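Reader: Could you take me through the contact between the two chains in this one? I'd like the cut-offs along the way.

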Amino acid sequence: MSALWVGILVASAGCYLLKVAGLSVPQRVLAHPVAERVADLIPVGLLAALVAVQVLADGQSLAIDARLLGLGAAVVLLMARAPFLVVVFGAALVAALARAI
Amino acid sequence: MIPGDRQVVVDSLGVGIATGAYGVSFGAVAAASGLDVWQACALSLLVFTGASQFAFVGVVAAGGAPLAGSLTALLLGSRNTFYGLALAPHLEVRGWRRLLTAQLIIDESTAMGLGQDDARRTRLAFRLTGVTIFVLWNLATLAGAAAGQALGDPRAYGLDAAVGAAFLGLLWPRLTAWPQRVVAVVGAGAAMGLVPWTPAGVPVILGGAAAVAAGLVLARRRAAVQP
């Protein structure tokens, strides 16, 4: 089996078990203010890190290219309260146009 | 139908359709990241939690090890555990029903469920939103991945830029207050700084960890200032 499939199956089993755990463990086990705060912060920190790496990393180096223009378009669209799909494909369109010019 | 339930049904279907449709972008992004149609569909069927799926393909697309992608997906998926904890007293599911219900726990089904004023409507909104998204998300993933593969070079269509926009779109609604914004800036800055020094996949995990640590310090400071 390829490493990619192994990764997919590990992510699948893990994410499912995390969901089942929430419905199964007694309330008091995880009901700690610090645990809840960490759970709130994880998506914010990770998603921001993912944005940075996705837009600026080119292998092991940093690069400024059409992806940054795409992200700029996404910011404008989000501020205009555009729906998710419009944001995603709007960013792609801007980056594609920038490359075509 | 009991009066008032109608509104719950309409709202749940609305959220379900809007969310399910953006599975198209996941499928297209997965194909652009080098996954085949089966792999994209397996992620939507089995992982079924959007941010984790995007994170997995994002790390793989950046050249990271698939297991680094899995770890990132699991860290993002940990919030579903807390959603389950909050939902459990209202859902009251046991045995095999609990195992099926668990897979429906995601941001949108939880928000719709917990937004109701009694347990019966919580169950209705949670299930209807969850099932609608599950069905549409998987169909949309298949369509997006097939289209993405047919298109060829993803860069020519800017699909590599779409991944960053997708993460920003998932992050945006969480940036409602200053502590969260600071945490986001720390996460992005730390990850960017780590890119030249660590293998692909690692900057995201360490950057995210640094951001969470900064957020906890910030919260403690604020607690000290405002007793």
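Author: Here's a walk through the interface, with a word on the cysteines at the end.

This is a predicted model, where local features need pLDDT of at least 70 and side-chain atom pairs count only at pLDDT 80 or more, while totals for chains, interfaces and linings use all residues. Residues are numbered from 1 along each chain as its sequence is written, chains are lettered from A in the order written, and side-chain values use heavy atoms, leaving out hydrogens and water.

With contact meaning heavy atoms within 4.5 Å, chain A brings 68 residues and chain B brings 93. About 6,600 Å² is buried between them, 80% of it from carbon and sulfur atoms; that's the accessible area (1.4 Å probe) lost by the two parts on being put together, summed over both. A:Lys19, A:Leu23 and A:Phe84 supply 12% of what chain A buries against chain B, more than any other three residues.

The count across the interface is 1 salt bridge (a side-chain nitrogen of Lys or Arg within 4 Å of a carboxyl oxygen of Asp or Glu). It joins A:Arg99 and B:Asp160, at 2.8 Å from N to O.

As for the cysteines, there are 0 disulfides over all chains, a disulfide being a pair of cysteine sulfur atoms within 2.5 Å.
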